[in-house]
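Visitor: Please take a close look at a single part of this model. Which residues face inward there, and what do they meet?

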Amino acid sequence: MFIDYVNSPLGMIECASSNLGLRHVIFCGDEIKPKNKNHITQTSIQQLTEYFSGMRNAFTVPLDPIGTAFQQQVWASLGAIPFGETRSYLDIAKQVDRPKGAQAVGGANGRNPISIIVPCHRVVASNGALTGYAGGIERKLWLLKHEGINVKDSRENTQLDIKNVITKRQSKTQYLK
């Protein structure tokens, strides 16, 4: 496994890859491992840096996530959501031919190992409300606003502070290999 890091406005990000493509992109907080770069991790760092600086809205780095066939199908659908747009869990469920599978899509979305590049942050509730994000709802709100997406205002959104999550490792990373 090859690993490298990039500091972002949302905290430190760990990029890990196989020889074939990215395995994960996660918010790692202060949990840093020794670096072992390859061309894929270096490309992902470059593209993420361009994304955060407003110079990139699509990623071309090769991907190699580990997941079930259903998860892979959902993640492929996430990758097709254009920059600056959102989809609902129901939209994705219909796209993967499981019109009653919005909850299953939510589960697969929550296990997306390649944050930002496979844009699970672009998935919202059918009513447009923000829902969970493994990196923290504060990060999801920041990413959506960074992409120019108008987020439905709520009392909860106005109380979110990115400083509360910047040094924290995102949840649900125990399954990463």
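**Helix α2 and the sheet**

Guide: The buried residues of α2 pack against α3 (89-95), α4 (102-110) and β5 (123-124). Contact means heavy atoms within 4.5 Å, and buried means under 20% relative accessible area, exposed over 50% (1.4 Å probe, protein chains only). The model is predicted, local features need pLDDT of at least 70, side-chain atom pairs count only at pLDDT 80 or more, and totals for chains, interfaces and linings use all residues. Residues are numbered from 1 along each chain as its sequence is written, and side-chain values use heavy atoms, without hydrogens and water.

Helix α2 spans residues 69-79, and its buried residues are F70, Q71, V74, W75, S77 and L78. Because these cover an arc of only 155° around the axis, they lie on the same side of α2; the arc is that of the directions from the helix axis to the C-beta atoms. A69 and A76 are exposed on the other side of α2.

Elsewhere, an open sheet of 3 strands runs in the order β1-β2-β3 with antiparallel pairing. Strands pair if DSSP finds at least two bridges between them; helices (H or I, at least four residues) and strands (E, at least two) are DSSP runs, numbered from the N terminus. β1 (2-8) and β3 (22-27) are the edge strands, each with a single partner, so one side of each has no neighbour in the sheet. From one strand to the next, the twist averages 15°.

β1 and β2 (residues 11-17) run antiparallel and are joined by 7 bridges, with I3 opposite A16 in β2. Helix α1 (residues 39-52) packs on the sheet, touching β1, β2 and β3, and its direction makes about 15° with that of β1. Axes are lines fitted to C-alpha atoms, for helices over the stretch in contact, and angles run from 0 to 180 degrees between N-to-C directions.
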